[in-house]
Amino acid sequence: MRVQVKLFASLRNRVQGEKGKAEIELKDGASLQDLIDHLNISNELAQLVMINGEQLPLDGNVRSEKELQEGDTISIFPPIAGG
């Protein structure tokens, strides 16, 4: 199964794609947590995660249970600070 991944800010260098974008091959039935682990991103760094534009809660159980589908677009943002 192939999914599109978009990584932002400090996470961009985790993939070889242009500007933090890449197509990732995963096994069928892979969960969101499987993808996060595949990218070697800690759950603390994967602060905001969206699948096809829908934000998912930070809850680790949701990430483990959320099965990805062929063609999904997953956007991952690190914690954002500002002032």
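**Strand order, core and selected contacts in a predicted model**

At a relative accessibility of 1%, V3 counts as buried, where buried denotes under 20% relative accessible area, exposed over 50%, and partly exposed the range in between, computed with a 1.4 Å probe on protein chains only. The model is a predicted one, in which local features need pLDDT of at least 70 and side-chain atom pairs count only at pLDDT 80 or more, while totals for chains, interfaces and linings use all residues. Residues are numbered from 1 along each chain as its sequence is written, and side-chain values use heavy atoms, with hydrogens and water left out.

V3 is located in strand β1; strands (E, at least two residues) and helices (H or I, at least four) are DSSP runs numbered from the N terminus. When residues up to four places away in sequence are not counted, V3 touches A22, E23, I24, L26, L68, Q69, D72 and I74, contact being defined as heavy atoms within 4.5 Å. The C-alpha atoms of V3 and A22 are separated by 8.5 Å, and these two residues are 19 residues apart along the chain.

An open sheet is formed by 5 strands in the order β2-β1-β5-β3-β4, with mixed pairing; two strands are taken to pair if DSSP finds at least two bridges between them. Because β2 and β4 (54-56) stand at the edges with a single partner strand each, one side of each is left without a neighbour in the sheet. From one strand to the next the twist averages 30°, with axes fitted as lines to C-alpha atoms (for helices over the stretch in contact) and angles running from 0 to 180 degrees between N-to-C directions. Strands β1 and β5 run parallel and are joined by 4 bridges, and K6 stands opposite S75 in β5. Strands β3 and β5, by contrast, run antiparallel, again with 4 bridges, and here V49 stands opposite I76 in β5. Strand β5 is mostly covered, in that 4 of its 5 residues are buried.

The largest nonpolar core comprises 22 residues, and those with the most contacts inside it are I24, L39, L68, I74 and I76; such a core is a set of buried Ala, Val, Leu, Ile, Met, Phe, Trp, Tyr and Cys residues joined through side-chain atoms within 4.5 Å. Two or more residues are given to this core by each of β1 (2-7), β2 (21-25), α1 (32-38), β3 (48-51) and β5 (73-77). With neighbours within four places in sequence left aside, L39 is in contact with V5, L7, R14, V15, I24 and I76.

The count of aromatic pairs comes to 1, under a rule in which rings of Phe, Tyr and Trp (its six-membered ring) pair if their centres lie within 6.5 Å, planes under 30 degrees apart being stacked, over 60 edge-to-face and the rest tilted. This pair, F8 and F77, is stacked, at 4.1 Å centre to centre and 5° between the planes. Since F8 lies in the loop between β1 and β2 and F77 in strand β5, the pair ties together parts that are 69 residues apart in sequence. F8 is partly exposed, with a relative accessible area of 26%.

S31, in the loop between β2 and α1, is buried at a relative accessible area of 7%. Beyond its neighbours within four places in sequence, S31 is in contact with R63, S64, K66, E67 and L68.
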